[in-house]
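Please keep the sequence and the structure in view while reading.

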Amino acid sequence: MTMPATPAAAAPPPSPAGAQTPPSWRRKIGAGPPRGGVTAGQFVDIGPDAKTAAEWALRGLTPPDLAALRAYRLARVREQLAARDCGAILLCDPLNIRYACDASNMQVWCAHNAVRYLFLPLDGPLVLFEFQSSRHLAAGLDLIAEVRPAISWNYMHGGEALATKARRWAAEIVDLMVAHGGNRRLAVDRVNPEGAAALGELGLSLHNGEAVMELARVVKGAPEIAAMRCALAACEAAMAEMQAALAPGVSEIELWSHLHAGNIKRGGEWIETRLLTSGARTNPWLQECGSRQIQAGDLVAFDTDLIGPDGYCADISRTWLCGDRPASGTQRDLFAVARQHIDENRALLKPGVHLRELTEKSDRLPEAYRAHRYPVVMHGVGLCDGSPRGLSRGRRARRL
């Protein structure tokens with residue numbers, strides 16, 4: 001299919017007198033729109049709309065201060081870089097890019113196509129390497145000093161010339177490392193063998209960027225907590241719409257679609273799994289929703305696993321009873337075991353507790369339920385599921 005041509009975006013405002021103007025293809029494009037607003041042209045805020053903001057206000061919630069949110073997250077990353085004596089981090093994972101500078105672009109697609117990346121130095125301006133024809137998406141993101149075209153050197157874009165493109169890509173990264181002080185210790189979250197080899201050949205020492213980002217994301221500041229509360233509120237509102245649609249005869253996939261719709265219309269972004277099952281399909285867990293029609297008296301179990309407004313994850317599990325008939329004795333017994341398990345584990349959570357202590361003191365399910373138990377006792381959440389997580393005995397523990 002041939003796509004119609006679109007006019008070029010308006011040129012950015014002129015630089016102040018005497019300022020050095022970078023090439024136009026490296027320039028950030030103008031200012032971004034206000035929250036919930038639209039600028040002239042095609043730039044639109046991708047976050048929640050006025051209806052969602054009104055829902056939050058009724059619950060006493062205030063949307064996050066995005067400038068404070070971005071500054072906090074950037075400081076967390078640089079704190080971890082300093083602790084590891086790394087001069088910079090190169091980020092390719094879309095969630096890590098989002099955390100570090102709030103730039104978002106086709107997040108799910110870019111998760112399996114390495115077409116954009118961020119250079120974040122310990123001290124100095126951030127450089128975003130953006131996918132072709134989408135550099136305008138950085139408009140309004142003040143943390144980003146420069147936007148350059150990405151060199152896509154994965155096999156889909158590089159083919160048999162992959163190694164050559166990887167060397168070009170590496171040379172540009174090395175130039176940035178030299179320009180920012182000469183520390184040649186570079187943290188990287190994702191890199192193929194050809195890229196790692198090219199960076200090494202040019203004298204860089206590579207270090208685990210995934211560890212940097214996981215530990216940066218563990219501790220949430222006030223702006224992040226505000227964003228997470230809003231994402232959870234949006235998720236709960238979508239869940240209420242899904243529950244209203246639950247009736248005998250509805251299929252699992254049709255019911256699941258209401259959660260998607262409720263999330264998207266509130267500024268949410270995507271759902272990571274399809275964990276909704278009914279009746280006998282609820283055990284063992286981790287089956288995906290299908291075409292089965294839900295019957296009166298069935299238990300319906302689901303895990304939201306959705307990415308909501310501002311990119312924050314809402315990971316809520318619920319089990320509902322379909323129809324008006326009373327729960328059976330077996331269903332009531334299951335509820336009692338689950339409720340006790342959750343209440344006892346929740347009571348263990350407090351500042352300063354060790355993960356090993358959480359694991360060793362956590363409620364042990366009765367033997368009859370252990371074969372199909374969930375893989376972890378509990379886990380952290382932020383832009384996605386992440387650290388910390390409850391560990392099995394004997395694993396190294398960290399302090400919450």
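## Overall composition

The model described here is predicted. Its chain has 400 residues, of which 42% count as buried. The secondary structure comes to 13 helices and 14 strands.

Contacts across the sequence can be summarised by their separation. Among contacts in the chain with a separation of 6 or more, 62% are between residues 24 or more positions apart.

## Helix 10 and its buried face

Helix 10 covers residues 252-264, which makes 13 residues. From its first C-alpha to its last, helix 10 reaches 19 Å, close to the 18 Å expected at 1.5 Å a residue. The buried residues in helix 10 are Glu252, Leu255, Trp256, Leu259, Gly262 and Asn263. Viewed down the axis of helix 10, these buried residues fall within an arc of 115 degrees, so they line one face of the helix.

Which elements cover the buried residues of helix 10? The cover includes one helix, helix 9 (222-244), together with strand 7 (270-271), strand 8, strand 9 and strand 10 (306-307).

Cysteine 235 belongs to helix 9. Its relative accessibility is 1%, and cysteine 235 therefore counts as buried, the limit being under 20%. Leaving aside neighbours within four places in sequence, cysteine 235 is in contact with Leu259, Thr304, Leu306, Ala314 and Ile316.

Alanine 233 is buried, with a relative accessible area of 5%. Not counting residues up to four places away in sequence, alanine 233 touches Trp56, Arg59 and Leu61. Alanine 233 and leucine 61 are 172 residues apart in sequence, yet 8.7 Å apart in space, C-alpha to C-alpha. Glutamine 243, again in helix 9, is partly exposed, with a relative accessible area of 42%. The C-alpha atoms of glutamine 243 and histidine 258 are separated by 8.8 Å, and the two residues are 15 residues apart along the chain.

## An enclosed cavity

How many cavities of 30 Å³ or more does the model contain? The count comes to 1 cavity. The largest cavity holds about 50 Å³ of space. Its lining consists of Glu214, Arg217, Val218, Lys220, Val381, Gly382, Leu383, Cys384, Gly386 and Ser387.

The elements that give two or more residues to this lining are helix 8 (209-218) and strand 14 (385-389). Helix 8 gives the most, with 3 residues. By residue type, the lining of the largest cavity divides into 4 nonpolar, 3 polar and 3 charged residues.

## Backbone details

A cis peptide bond joins asparagine 283 and proline 284, with omega at about 5 degrees. Proline 284 is located in the loop between strand 8 (276-278) and strand 9 (299-303). Strand 8 and strand 9 are also among the elements that cover the buried residues of helix 10.

Two residues with positive phi are found in another loop. Aspartate 102 has a positive phi of about 70 degrees although it is not a glycine, and its place is in the loop between helix 3 (94-101) and helix 4 (107-111). Methionine 106 lies in the loop between helix 3 and helix 4 as well; its phi is also positive, at about 45 degrees, although methionine 106 is not a glycine.

Technical notes
Residues numbered from 1 in each chain as written. Predicted model: local features only at pLDDT ≥ 70, side-chain atom pairs only at ≥ 80, totals over all residues. Heavy atoms only, no water. Helix = DSSP H or I, 4+ residues; strand = E, 2+ residues; numbered from the N terminus. Expected span 1.5 Å × (residues − 1). Buried < 20%, exposed > 50% of the residue type's maximum accessible area, 1.4 Å probe, protein only. Arc of directions from axis to C-beta. Contact = heavy atoms within 4.5 Å. 1 Å grid on protein atoms, 1.4 Å probe; cavity = no way out; pocket = protein on both sides within 12 Å on 5 of 7 lines; lining within 4 Å. Points joined across faces, edges and corners; volume = space filled by probe spheres on them. Nonpolar A, V, L, I, M, F, W, Y, C, P; charged D, E, K, R; others polar.
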